[in-house]
Amino acid sequence: MQSRMQNPAFILPDAMQPIQQLFKAVNAGGVDSQTLELVHLRVSQINGCSSCVDAGTKTARKAGVSEERLATVVAWRETPYFTEEERAALELAEAATRLADRADAVSDEVWDRAATYYDEKQLAAIVLMIGVTNLFNRLNATTRQIAGAWG
């Protein structure tokens, strides 16, 4: 397996710094780091981005996510390992990633459930994490980045 090119965010010198700033803002948004890592991992699973699933699993472990939770985030609805808050964030992540799957991609019901557990600043952090993860998934999948090949 070989990548088509280096990740575009590394090729264009002015691209990576703003992305890093977004991650910094996300991490300052008041959402538990484990929740953010689970959101990142679930979005990457949906998009089939092996590089981000690999990296996301490693960073989730560093954030303290248990092996049971890592192994079952793909089936979070059917497992007992996630809090109601995490479930709301994961549901929002799935809806916001699968925009084309339904006319009302992120329904009021999904949004309101997340808003029950997270304030506006935290919701902003979760939505930005979903967006940045989707950005990296698209860059990595398009250029066929190899899982484990990054630093």
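**Exercise 1.** In this predicted model, determine how many aromatic pairs the structure holds, and classify the arrangement of the rings of Phe23 and Phe136.

*Solution.* The structure holds 1 aromatic pair. The ring centres of Phe23 and Phe136 are 6.2 Å apart, and rings pair if their centres lie within 6.5 Å. The angle between the two planes is 25°; planes under 30 degrees apart count as stacked. The pair is therefore stacked.

**Exercise 2.** State which parts of the chain the pair ties together.

*Solution.* Phe23 belongs to helix α2 (residues 16-27). Phe136 belongs to helix α8 (residues 120-143). The pair therefore ties together parts that are 113 residues apart in sequence.

**Exercise 3.** Decide whether Phe23 and Phe136 are buried or partly exposed.

*Solution.* Buried means under 20% relative accessible area. Phe136, at 11%, counts as buried. Phe23 has a relative accessible area of 21% and is partly exposed. Of the 151 residues of the protein chain, 42% count as buried.

**Exercise 4.** Describe the secondary structure of the protein chain and of the annotated span, residues 13-95.

*Solution.* The protein chain contains 8 helices and 0 strands. Residues 13-95 carry the UniProt annotation "domain: Carboxymuconolactone decarboxylase-like", from an unreviewed entry. This span is 70% helix and 0% strand, and its end C-alpha atoms lie 32 Å apart.

**Exercise 5.** Compare the radius of gyration of the protein chain with that of a compact globule.

*Solution.* For 151 residues, a compact globule would have a radius of gyration near 15 Å. The protein chain has 15 Å, which agrees. Its C-alpha trace spans about 40 × 30 × 30 Å along the principal axes.

Technical notes: Residues are numbered from 1 along each chain as its sequence is written. This is a predicted model: local features need pLDDT of at least 70, side-chain atom pairs count only at pLDDT 80 or more; totals for chains, interfaces and linings use all residues. Side-chain values use heavy atoms; hydrogens and water are left out. UniProt positions are given in the numbering used here, feature names are shortened, and annotations may be inferred rather than shown by experiment. Helices (H or I, at least four residues) and strands (E, at least two) are DSSP runs, numbered from the N terminus. Rings of Phe, Tyr and Trp (its six-membered ring) pair if their centres lie within 6.5 Å; planes under 30 degrees apart count as stacked, over 60 as edge-to-face and the rest as tilted. Buried means under 20% relative accessible area, exposed over 50%, partly exposed in between (1.4 Å probe, protein chains only). The radius of gyration is taken over C-alpha atoms; the globule rule is 2.2 Å times the number of residues to the power 0.38.
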